[in-house]
Amino acid sequence: MTSSLSTSRIPAPPGKPALRAVPSPVRVTVLAADPFVLAGVSGELKAKPGVHLVDAQADVVVAVPDGTRKLHEVLAGIDPRARVVLVADDPRPAELLTAVEHGLAVLLPRQEATTARLLHAINDAYQGRGALPAEQLGELLKGVTRLQREVLEPRDLTLSGLSRRETDVLRLLAEGRDTAEIAAEMAYSERTVKNILHGLLTRLELRNRTHAVAHALRLGLI
């Protein structure tokens, strides 16, 4: 496909400005349980400028579940780096959390899924802009709060994937403290601090303490 967002604008839904081009076509995979829906959405996107349909290694995945398969089955096996545009009406909180686990960026209600809106959603997802209707955002936040309270807190975990102890140790490491100083600050033995770091490095497959601090800083965890 030779068309590129660098030479065109994405058409806008009514009341919204056209989006400026980005340097290269967005690689898009369409997933749908219904083969007719799959063919229809793929056909709508196939000839559009700035979109390159692919079967793998997509930048953006457009998922259109229809109730015959669970959402996690539709999204199974997608590239973990891809961002997801979910086209669905009133997904349940559990489905929203499933979509978030797979990289949800934009939720587009099915009845609003015109070609122009879908192209905007793809562009928003590609550029890292999230968009959820207010009602679904509220449900998602309630689900996240419940997850934190009922599942993570009893296990001393946070939404970052780190325990509170791990976060504190990494923060002190980032301040230049050594093991003895961290142990004194946290009222732990040096052995406990070393065990905390060993568990963290092993679980996240990090090479050393410097790598662990860089990882946490890059992801905004400390």
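Visitor: Which residues of α5 are buried?

Guide: In this predicted model, the buried residues of α5 are Gln-136, Leu-140, Gly-143, Gln-148 and Leu-152. They cover an arc of only 140° around the axis, which puts them on the same side of α5.

Visitor: And which exposed residues does the face turned away from the buried side of α5 carry?

Guide: That face carries the exposed residues Ala-134 and Glu-135.

Visitor: What do the buried residues of α5 pack against?

Guide: Their packing partners are α3, the strand β5 (104–108) and the helix α6 (164–174).

Visitor: What span should α5 have at 1.5 Å a residue?

Guide: The 19 residues of α5 should span 27 Å, and the end C-alpha atoms are 25 Å apart, which agrees.

Visitor: Back to α3, then. At what angle do the axes of α3 and α5 cross?

Guide: The axes of helix α3 (residues 93–101) and helix α5 (residues 134–152) cross at roughly 80° and come within 9 Å. The two helices are therefore roughly perpendicular.

Visitor: Which residues make that contact?

Guide: On the α3 side, the contact is made by Pro-93, Leu-96, Leu-97 and Val-100. From α5 come Gln-136, Glu-139, Leu-140, Gly-143, Val-144 and Arg-146. Sorted by class, the contact of α3 with α5 has 6 nonpolar, 2 polar and 2 charged residues. Gln-136, Leu-140 and Gly-143 also belong to the buried residues of α5.

Visitor: Let us turn to the chain as a whole. How many helices and strands does it have?

Guide: The chain has 9 helices and 5 strands. Read from the N terminus, the order of elements is β-α-β-β-α-β-α-β-α-α-α-α-α-α.

Visitor: What share of the chain is buried?

Guide: Of the 222 residues in the chain, 38% are buried. As for contacts between residues at least 6 apart in sequence, 55% join residues at least 24 apart.

Visitor: Now α1. How many residues does it have?

Guide: Helix α1 (residues 35–46) has 12 residues. From its first C-alpha to its last, α1 reaches 16 Å, close to the 16 Å expected at 1.5 Å a residue.

Visitor: Which residues of α1 are buried?

Guide: Val-41, Ser-42 and Leu-45 are buried in α1. Seen down the axis of α1, the buried residues fall within an arc of 100°, so they line one face of the helix.

Visitor: What covers them?

Guide: The cover over the buried residues of α1 includes β1 (26–32), β2 (51–53), β3 (60–64) and α4 (115–126). The face of α1 turned away from the buried side carries the exposed residues Pro-35, Phe-36, Ala-39 and Lys-46.

Visitor: Another topic: where is Met-186 found?

Guide: Met-186 is found in helix α7 (residues 179–186).

Visitor: Is Met-186 buried or exposed?

Guide: Met-186 has a relative accessible area of 16%. Buried means under 20%, so Met-186 counts as buried.

Visitor: What does Met-186 touch?

Guide: Leaving out residues up to four places away in sequence, Met-186 touches Arg-165, Asp-168, Val-169 and Leu-172. Met-186 and Asp-168 are 18 residues apart in sequence, and their C-alpha atoms are 8.3 Å apart in space.

Visitor: Lastly, in which helix does His-211 lie?

Guide: His-211 lies in helix α9 (residues 209–218). His-211 is buried, with a relative accessible area of 18%.

Visitor: Which residues does His-211 touch?

Guide: Not counting residues up to four places away in sequence, His-211 touches Glu-205 and Leu-206.

Terms used. Residues are numbered from 1 along each chain as its sequence is written. This is a predicted model: local features need pLDDT of at least 70, side-chain atom pairs count only at pLDDT 80 or more; totals for chains, interfaces and linings use all residues. Side-chain values use heavy atoms; hydrogens and water are left out. Axes are lines fitted to C-alpha atoms, for helices over the stretch in contact, and angles run from 0 to 180 degrees between N-to-C directions. Helices (H or I, at least four residues) and strands (E, at least two) are DSSP runs, numbered from the N terminus. Angles under 35 degrees count as roughly parallel, over 145 as roughly antiparallel, 65 to 115 as roughly perpendicular and the rest as oblique. Contact means heavy atoms within 4.5 Å. Ala, Val, Leu, Ile, Met, Phe, Trp, Tyr, Cys and Pro count as nonpolar, Asp, Glu, Lys and Arg as charged, and the others, Gly among them, as polar. The expected span of a helix is 1.5 Å times one less than its number of residues. Buried means under 20% relative accessible area, exposed over 50%, partly exposed in between (1.4 Å probe, protein chains only). The arc is that of the directions from the helix axis to the C-beta atoms.
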